[in-house]
Amino acid sequence: MSATLALEAKNLFKVFGRNPHEVVRRLQAGESRDDVASQGTAAVIDASFDVKRGEIFVIMGLSGSGKSTIIRMLNGLFDTTSGSISVYGESVTDTTATQLRELRRDRISMVFQHFALLPHRTVADNVAYPLELRGTARVDRQARAEEILGMVGLAGWGGKYPSELSGGMQQRVGIARALAADTDILLMDEAFSALDPLIRREMQEQLLDLQQKLQKTIVFITHDLNEAMFLGDRIAVMRGGRIVQIGTPEDILTDPANDYVEQFVQDVDRARVLTAANVMERPVAVVPDSAGPRTALKQMREAFMGGAFVVDRDRVLRGYVSDRDAMRLIRRGESSLQSIIAPVHQQVHEAEVLMNLFVPSVESPLPLAVVDADDRLVGVIPRVTLLAALGPGPGATGELSLPLPPVPQEEIDAVLAEATDVVGGSTGSEEGVR
């Protein structure tokens, strides 16, 4: 197993029934789940995937798709009928009961849908329970429990009992207990599905905050597509015991593997999944800060834009210039853009989700400038492109004018001709566009 992989599953089958191995043989020969139903229930069929170290890998599907069965196979709660599972290169499928206990204690923790807290223990004692099983001294495990409770927003609640907490707070305790074990891998089985929508969203955001700090490897089970899209670095979509597609949220949303996945994702909130990088276009009206107004105006004219972005030698965004300001400089006989470069107040990062781009798009006099982590201009998003990206198809085209409409062509030509007469000819002395 690669050093970058935490989990690897190959050709997993799980069959419940009288003759599971015969069922596997028939499935491998091409028979369907329904064909073998008389001999057993095929919960998982030929499932293969890997989970990279430090990623959130979401397994999603409707009830009966096999997703919860898979997560229980990963830590040995269900044995595999056929196939193999490895954790950091060590087999889970060929281990003794003692080795499995060690695996669950040291490598894999689990967060359950219905919290699974011990009602007779305080919150702090619930969180410290994995450390107690390891034989950690009481004072040390209590200190660790209080530290973890602070991380999940429950500082000061350690002396309470589970019955005194809300559902969302109890789930935080379940997460804190898994974190206190300090295992490399967290398995989360429908961890937020029992919570109210607002609390559920808060827990999702908190999980991402914790993940940024702790960089755990998380396998998250859900039937909620929006939750999968929000949390997952990659997603495995299951149907009828089989994995039908694995990919990033963007892959699954924009390139579904089959009709089932396409129908499954048709109602997803695209604005929460797609990012600026997914929909941006190549910037066409861009000039270097060393260029002059004629070069800038030529770029704008060819792009049918009323403005152009200005970048430095490293493509770092400096600002923008308008065609009217460039024409004013030409009339005055100036050869530098520096005096008319205006700041771009509405630039956005390439990883920003679309739902956060609407207000900047409305307020921007140009298509939104998209920059990378080093503030280099990597793309632009016209308003019409932003709207089209959220629709079911290419319906929203050509109906809206671009921001900062250009000066009429005849007016630009007149200014250039007038300026050429004044300076006596060539405009070729300006540096061209990079």
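A helix is here a DSSP run of H or I spanning at least four residues, numbered from the N terminus. The model on display is predicted.

**First stop: Gly150.** Select helix 5, residues 138–151, which contains Gly150. Colour this residue by accessibility: at 38% relative accessibility, Gly150 is classed as partly exposed, because that class lies between the 20% and 50% limits.

**Second stop: the cavity.** To display its lining, select Ile175, Leu179, Leu186, Leu207, Leu210, Gln211, Leu214, Lys216 and Ile218. Helix 6 (167–180) and helix 7 (197–214) are the elements that each supply two or more of these residues. Helix 7 provides the largest share, with four residues. Colouring the lining by class shows seven nonpolar residues, one polar and one charged.

Select residues 293–303 for helix 12 and residues 323–332 for helix 13; the two pack at an angle of about 145°, and their axes lie 9 Å apart. The crossing of helix 12 past helix 13 is left-handed. Show side chains for the contact itself: Pro293, Arg294, Leu297 and Met300 from helix 12 meet Asp323, Ala326, Met327, Leu329 and Ile330 from helix 13. By class, this contact comprises seven nonpolar residues and two charged ones, with no polar residue.

Methods:
Residues numbered from 1 in each chain as written. Predicted model: local features only at pLDDT ≥ 70, side-chain atom pairs only at ≥ 80, totals over all residues. Heavy atoms only, no water. Axes fitted to C-alpha atoms, helices over the stretch in contact; angles between N-to-C directions. Left-handed = near helix turned anticlockwise from the far one by under 90°. Contact = heavy atoms within 4.5 Å. Nonpolar A, V, L, I, M, F, W, Y, C, P; charged D, E, K, R; others polar. Buried < 20%, exposed > 50% of the residue type's maximum accessible area, 1.4 Å probe, protein only. 1 Å grid on protein atoms, 1.4 Å probe; cavity = no way out; pocket = protein on both sides within 12 Å on 5 of 7 lines; lining within 4 Å.
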